[in-house]
Amino acid sequence: MLLTALALAAAAVGQGPADWHEPFPAHKVIGNVYYVGSKDLATYLITTPEGHILINSGFDRTVPLVQRSVESLGFKMTDVKILLASHAHSDHVAGHARLQKLTGAKVYVMRGDDEVIASGGKGQYLYAADRWDPCKVDRVLKDRDEVKLGGVTLVARLTPGHTRGCTTWTWKVEDGGKKYDVVVIGSPNVNPGFRLVNNKDYPEIADDFAKTFEILKGLPCDVFLGAHGGYYGMVERHALLKKGPGNPFVNPEGYREYVALKERAFRKTLAAQQDEARDVKRNIPYADKADERQVLDVFSPKNAKNLPVVFWIHGGAWQTGDKTDVQIKPQAFMDKGFVFVSTNYRLLPSVDMATIVRDVAKSVRWVHDHIADYGGDPKRLVIMGHSAGAQLAALICTDDRYLKAEGLSLAITKGCVPVDGDTYDVPAIIETAETRWRVHGLPKAKFGHREKLGVTARPL
Ligand SMILES: [Zn+2]
C-alpha cells in the first residue's frame, strides 16, 4: 500500500514514510511464524525442518534489515527455500531480486503480478514509471494454489483490485497444542489516484475489489496479519506481547472490523466516483404548481446524446414507496446505454387512483418534452415499474386515453416492462379476496383493492 500522494511520489524513488525503513525487533508471531520486516513493511518468516518461507522482501534497501532480523532469531538466510509476495508494488517486491540472490530461494507469484515482478515493475496500474531489479519467477500461482514445504501448507488466495495478482496468504499454525487460522491480507486499499470507474488501464478493478471483500469476509481468521504492519496495529500489539496474558496477534474481531472498515471505504470511493462519472438531476417538478410528490430524477451517462430512456415507476401498493428505491438500476441501465428516469406520484388515500395514473402520464409528458436536454431520445421510451408501479406501467402502455390527455400517443413507448405486478384483472382480484373473507369469516380489509381502485359495484 502507498499511503498518501506524497508517499506515492516518494515511493517511486524508493523512499516513502520513515517507518518503512526503520528497523524493528524481529519477533515470534505464533508457532513457527515470525515477523522479520521493518517497522511498517511486513516480511514474514515461516520456518520448517526442510527450510523456510519468506513472504515479501520490501525494497532493495530493506533486504539487509530482513537478513539481520532472520539471523537475530537464529535462522540462516541460505535455509530460505521459497520467496512469496503480497502484491507487486515496489514496497513489497522491489527487493525480490536481491533476496533471491542472497538465499537461492524459488520465487512464486500469483498470476497477474508475475510479469510485473519478472520485468522489474512494468505493466503496473498507475505506478507506470516505478522500476526495480527484475526477478525471475519460478512458479506462477492461481487462486487456491498450495505452497508446501516441510509439513506447512500455505494457500494462496487471489484478492485482486489493489493489484491484479494481489495475494492473501492463509494457513493453519499450531501453538501450545492449539490450531489457529492465519491470514496475511494482501491489501484491501483503494490508493489515492485509483480510478474505480471508467478505468481504461484496469477496467475490471471495481469488480475485483468487490470479489476481494467477499473472499476476505469468508476467510476463517484467528491470527490477523497483513502486507503492512499498520493493517493490524503491529507496533501496538508487539508492545502488548510482554504484558500478556494471551497472544495479542490472535485477533479475530480486529480482522473482521478491519475488513468491514476497508469495504466501507471502497464503497464510498466507488459511489463518489460513480456520481462524478454521470449527471444526476434530482427532484425535477413535472407539473405546473407541482405537488411535492410530482417530481422525478434523471440519471444520464456523461456526454449522453439521443439515448433510449427507461422510465421507472416505483411500487408500494399506491400508498407508499419512493423514486429513490432504485438500488443499482440507474447505474445498470446507464452502463447499457440508457438514460434512466425515476418518478414519484401522489399516493392513496390523498388522491384517487385515476389521479395517480394522470400523474404518471404527466411525468411521461415531461420526459417527452425535456429528456433531449439530458441526452435522451423522447421517441424511445421504455416504461417500467415494480408491483403497483407495474400496474401503472401496464395501464399507461395499453390504455391510450392517459397519454392522449397529455397530447401524446402510444407510439413513443417502445417497450413496457411491468415487474412483479399482479393487478391486471381487477374484478377477479376483488372477487377472490372477498370470497376468501366470506368463506373464512375474516374481517374485511378497510382499504382493499375495491376501495383503492374505486370499484363501487360488486362484480359478478
Ligand atoms: Zn500496495
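This briefing covers model confidence, one sheet and two helix pairs.

The structure is a predicted model, in which local features need pLDDT of at least 70, side-chain atom pairs count only at pLDDT 80 or more, and totals for chains, interfaces and linings use all residues. Residues are numbered from 1 along each chain as its sequence is written. Helices (H or I, at least four residues) and strands (E, at least two) are DSSP runs, numbered from the N terminus.

**Confidence**
- The average pLDDT (the predictor's confidence in each residue, from 0 to 100) is 93 for the protein, and 96% of the residues score at least 70.
- Over residues 9–14 pLDDT stays under 50, and the model has twelve contacts for them beyond four places in sequence; two residues are in contact if their C-beta atoms, placed from the backbone, lie within 7 Å.
- Where pLDDT is low, the predicted coordinates should not be read in detail.

**The six-stranded sheet**
- Six strands form an open sheet with mixed pairing, in the order β13-β14-β16-β15-β17-β18; two strands pair if DSSP finds at least two bridges between them.
- β13 (278–285) and β18 (413–419) are the edge strands, each with a single partner, so one side of each has no neighbour in the sheet.
- On average, neighbouring strands of this sheet are turned by 20 degrees against each other, direction ignored.
- β15 (residues 307–313) pairs with β16 (residues 339–343) in the parallel sense over five bridges, and F311 stands opposite V341 in β16.
- Helix α10 (residues 353–370) lies across β14 (295–301), β15, β16 and β17 (376–386), and runs at about 160 degrees to β15. Axes are lines fitted to C-alpha atoms, for helices over the stretch in contact, and angles run from 0 to 180 degrees between N-to-C directions.

**Helices α10 and α11**
- α10 packs with helix α11 (residues 388–398) at an angle of about 70 degrees, with the axes 10 Å apart.
- The two helices α10 and α11 are therefore roughly perpendicular (65 to 115 degrees) to each other.
- I356, V357, V360, A361 and V364 of α10 make the contact with L392, L395 and I396 of α11.
- The residues of this contact of α10 with α11 are eight nonpolar, no polar and no charged; Ala, Val, Leu, Ile, Met, Phe, Trp, Tyr, Cys and Pro count as nonpolar, Asp, Glu, Lys and Arg as charged, and the others, Gly among them, as polar.

**Helices α6 and α8**
- The axes of α6 (residues 205–218) and α8 (residues 252–276) come within 10 Å and cross at roughly 160 degrees.
- That makes α6 roughly antiparallel (over 145 degrees) to α8.
- A206, F209, F213, L216 and K217 in α6 meet V259, E263, F266 and L270 in α8.
- The contact of α6 with α8 divides into seven nonpolar, no polar and two charged residues.

Technical notes:
Angles under 35 degrees count as roughly parallel, over 145 as roughly antiparallel, 65 to 115 as roughly perpendicular and the rest as oblique.
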